[in-house]
Amino acid sequence: MQPTLLILAAGIGSRYGGIKQLDQFGPNGETIIDYSLYDAIRAGFGKVVFIIREELRRDFEGIFLPKLAGKIEVDFAIQALDSYVPEGVGPVQRTKPWGTGHAMLCAWQQTDTPFAIINADDFYGQEAFEILANFLVNDTNDDLHALVGYEIQNTLSDYGSVSRGVCELNPDETLESVVERTKIYRLNEGENAGQIVFEEPDGLTPLAPETPVSMNFWGFKPAVFPLVQEQFSDYARANYNSPKAEFYIPTIMTNLIERNQGRCKVFRSRSEWFGVTYPEDKPMVQASLKRLHDTGKYPEKLW
């Protein structure tokens, strides 16, 4: 059975200043999603589900349906503010989505195979898709999931802080814990200039350059969905009046591990990663993609 690819594309792009998941970065006007789709198709994925807001559906259909016709099955999942919110919770005072974990839950009805889930605005590289496709096709353990990990030093922006899931690993390369740090950056001044840190209200904590982090390239078995629904129901009840609270995929995995409901194999990828958080990131992404075309990693035109 071919695995499914879920693409997290419902974000507002507040730091970027626009809908970055549909912005053009490749030499022929390709979005970053185009490269993920191209790599997923050649790795053996059989279906893609775009997780979006309803107001983006027409744009996504117009851009992606023509080029994907006959290449991969396409579906859409809508992440609405009231999706899967348990009865009796509210009123929900929010203007932005509930987060990546909630987005994953919103694709439950469209997903009946093992699946990978990625960000729309990150470039992961062909090897990462091949690694997860192989795992999802061949591993039959319903409670063993997967993560492609990248070194923190290779995932920073020169133009501001980033959010990353910081990983602690067991000796067998399974995940011990992953904590979403929402403000990671490299110090630019002082005696510790160059040091990578994450910021919290009580101060700064250093991170080793090789620390593995989640770039939201996860692999799950479909049996996880009822457990995710249970987790989100508890989260929504506790946070319905916190409009900025977000339910993250790392939170899901941490809870699965702590409750002995699942384990996560971490695969260290040598693939090149880059992404766009700020408008200033765009020229770097454009140059990186052009170089990949020029060196033959991708054809002159993807489609």
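Axes are lines fitted to C-alpha atoms, for helices over the stretch in contact, and angles run from 0 to 180 degrees between N-to-C directions. The model described here is predicted.

On this basis, α1 and helix α2 (residues 57–68) pack at an angle of about 30°. Their axes are 12 Å apart. Angles under 35 degrees count as roughly parallel, and α1 and α2 are therefore roughly parallel to each other. The crossing of α1 past α2 is right-handed. On the α1 side, the contact is made by Ile 33, Asp 34, Leu 37 and Ile 41. These residues meet Phe 60, Phe 64, Lys 67 and Leu 68 in α2.

Helix α1 also packs with α4, at an angle of about 40° and with the axes 9 Å apart. The helices α1 and α4 are therefore oblique to each other. Their crossing is right-handed. From α1, the residues involved are Ser 36, Asp 39, Ala 40, Arg 42 and Ala 43. Their partners in α4 are Gln 126, Phe 129, Glu 130 and Ala 133.

Aromatic contacts were examined next. A pair of aromatic rings is described by the distance of the centres and the angle of the planes. Rings of Phe, Tyr and Trp pair if their centres lie within 6.5 Å, and by this rule the count comes to 25 aromatic pairs. One of the pairs joins Phe 45 and Phe 129. The ring centres of Phe 45 and Phe 129 are 6.4 Å apart, and their planes stand at 85°, so the pair is edge-to-face. Phe 45 lies in the loop between α1 (32–43) and β2 (47–52), whereas Phe 129 lies in helix α4 (residues 126–138). The pair therefore ties together parts that are 84 residues apart in sequence. Both Phe 45 and Phe 129 are buried. Phe 129 is also among the α4 residues that meet α1.

A tilted aromatic pair is formed by Phe 232 and Phe 247. Here the distance is 5.5 Å centre to centre, with 55° between the planes. Phe 232 belongs to helix α5 (residues 225–239). Phe 247 sits in the loop between α5 and α6 (249–258). The two residues are 15 apart in the chain, and their pair links distant parts of it. Phe 232 has a relative accessibility of 0% and counts as buried. Phe 247 is buried too, with a relative accessible area of 1%.

One aromatic cluster comprises Tyr 35, Tyr 38, Phe 123, Phe 274, Tyr 298 and Trp 303. Charged side chains also lie over aromatic faces. Arg 94 is placed over the face of Trp 98, at 4.2 Å from the ring centre. Lys 282 lies over the face of Phe 25, at 5.6 Å from the ring centre.

Several loop residues complete the description. Lys 221 lies in the loop between β11 (212–220) and α5. Lys 221 is buried, with a relative accessible area of 2%. Not counting residues up to four places away in sequence, Lys 221 touches Pro 114, Phe 115, Phe 135, Asp 139, Asn 141, Asp 142, Leu 144 and His 145.

The loop between β7 (162–169) and β8 (175–186) holds Thr 174. Thr 174 has a relative accessible area of 10% and is buried. Its contacts, not counting residues up to four places away in sequence, are Glu 168, Leu 169, Cys 264, Lys 265 and Val 266. The C-alpha atoms of Thr 174 and Glu 130 are separated by 19 Å. Along the chain, Thr 174 and Glu 130 are 44 residues apart. Glu 130 is one of the α4 residues in the contact with α1.

Glu 173 is found in the loop between β7 and β8 as well. Glu 173 is partly exposed, at a relative accessible area of 26%. Most residues other than glycine have a negative phi. Phi of Glu 173, however, takes a positive value near 70°. A positive phi, near 60°, is also found at Tyr 84. Tyr 84 lies in the loop between β3 (73–78) and α3 (100–106). With 26% relative accessibility, Tyr 84 counts as partly exposed.

Technical notes: Residues numbered from 1 in each chain as written. Predicted model: local features only at pLDDT ≥ 70, side-chain atom pairs only at ≥ 80, totals over all residues. Heavy atoms only, no water. Phe/Tyr/Trp six-rings, centres within 6.5 Å; stacked < 30°, edge-to-face > 60°. Helix = DSSP H or I, 4+ residues; strand = E, 2+ residues; numbered from the N terminus. Buried < 20%, exposed > 50% of the residue type's maximum accessible area, 1.4 Å probe, protein only. Lys NZ or Arg CZ within 6 Å of the ring centre and 35° of its normal. Parallel < 35°, antiparallel > 145°, perpendicular 65-115°, else oblique. Left-handed = near helix turned anticlockwise from the far one by under 90°. Contact = heavy atoms within 4.5 Å.
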